[in-house]
Amino acid sequence: MTENRTPLSMLSAISVLDSLIRAGMRHIVLSPGSRSAPLAYAVAAAETAGAIVAHVRVDERTAGFTALGIAKASGRPVGLVCTSGTALGEYVPAVMEAYHTGVPLAIISADRPEKLRGTGANQTTFQHNLYGRFVRASADLTRYPEQSEGEQTQAFKRCLAALTGRDAHNWSRASDEPLGPAHINLCLDSPLVPDEQTARILPQWAASLTEHTDYAAEARQLAEHLGTAPMRALALSQR
């Protein structure tokens, strides 16, 4: 992979979700769409491995408030995944409430590749910085992961810090800034489905997420916080 070549979309999706899950995310609310397919495949693999609980909500406004409620009850960052275009605009009310109440929502919006911006292509809009001051941090990941740490990696670290309460420059320290929502805008180019090699890697990656964490215990704790036990949490608690 050369520095100016866009990484494969599946690699981008896995890289983003890997960092978020290892940082403590245990629930993701997904609103399906074609551009967000790489994220959906990665979410499905992580749920199958028992690393997360996935919730599907076709309506993005409903998804936003579902994620907000889970994050408030659990005290953990919760992911919101949507496709490109106007879909992420439906999250605005939930994002505004998350900002004002200090709730860690991770909005992960799939975007068209950078080359299609401003071209009149279908399902494109001004996604980066859409939420303005109502997020604690934002990252426009047009080529992620980077071969060496650059502006995109630093912006993503700021998002992780806003969601976890850690210092973006020293992860061992608590941040002086309040928790709150963060927007991760991820550009994804074709192909949007895993090839044969990636299909083999997905379950291996997902299994690695649970190697050093007692997810069964965490699932029971989350179920107690939420007052109800999602099906995945119930299955994990019985292992």
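Is Phe 134 buried, partly exposed or exposed? Phe 134 is partly exposed, at a relative accessible area of 25%; buried here means under 20% relative accessible area, exposed over 50%, and partly exposed in between, with a 1.4 Å probe and protein chains only.

The model is predicted, so local features need pLDDT of at least 70 and side-chain atom pairs count only at pLDDT 80 or more, while totals for chains, interfaces and linings use all residues. Residues are numbered from 1 along each chain as its sequence is written, and side-chain values use heavy atoms, with hydrogens and water left out.

**Aromatic pairs**

Searching the whole structure gives two aromatic pairs. Rings of Phe, Tyr and Trp (its six-membered ring) pair if their centres lie within 6.5 Å; planes under 30 degrees apart count as stacked, over 60 as edge-to-face, and the rest as tilted.

| Pair | Centre to centre | Angle between planes | Class |
|---|---|---|---|
| Tyr 99 and Phe 134 | 5.8 Å | 90° | edge-to-face |
| Tyr 144 and Phe 156 | 5.4 Å | 75° | edge-to-face |

Tyr 99 belongs to helix H4 (residues 92–101) and Phe 134 to the loop between E4 and E5, so this pair links distant parts of the chain, 35 residues apart. Helices (H or I, at least four residues) and strands (E, at least two) are DSSP runs, numbered from the N terminus. Tyr 99 is buried, with a relative accessible area of 18%. In the other pair, Tyr 144 sits in the loop between E5 and H5 and Phe 156 in helix H5, so parts twelve residues apart in sequence are tied together. Both residues are buried: Tyr 144 has 8% relative accessibility, and Phe 156 has a relative accessible area of 2%.

**Nonpolar cores**

Phe 156 is also among the residues with the most contacts inside the largest nonpolar core, which has 41 residues; the others are Val 16, Leu 17, Leu 20, Leu 39, Leu 141 and Trp 205. A nonpolar core is a set of buried Ala, Val, Leu, Ile, Met, Phe, Trp, Tyr and Cys residues joined through side-chain atoms within 4.5 Å. Elements that each supply at least two residues of this core include helix H1 (9–22), strand E1 (27–30), strand E5 (137–141), helix H5 (151–164) and strand E6 (182–187). H1 gives the most, with seven residues. A second, separate core has 19 residues, including Val 29, Cys 82, Ala 98 and Leu 105.

Leaving aside residues up to four places away in sequence, Leu 141 touches Val 16, Gln 152, Phe 156, Ile 184, Asn 185, Leu 186 and Cys 187; contact means heavy atoms within 4.5 Å.

E6 is mostly covered, with six of its six residues buried. In a regular strand the side chains alternate between the two faces of the sheet. In E6, Ala 182, Ile 184 and Leu 186 point one way, and His 183, Asn 185 and Cys 187 point the other way.

E4 and E6 run parallel and are joined by six bridges; two strands pair if DSSP finds at least two bridges between them. Asp 111 stands opposite Cys 187. E5 also pairs with E6 in the parallel sense, over five bridges, and Ala 137 stands opposite Ala 182. From E5 the chain passes through H5 to E6 in a right-handed β-α-β crossover: with the strands pointing away from the viewer, the path from the first strand over the helix to the second runs clockwise.

**Cysteines**

Cys 187 is buried, with a relative accessible area of 3%, and Cys 159 is buried at 0%. The count of disulfides (pairs of cysteine sulfur atoms within 2.5 Å) is zero.
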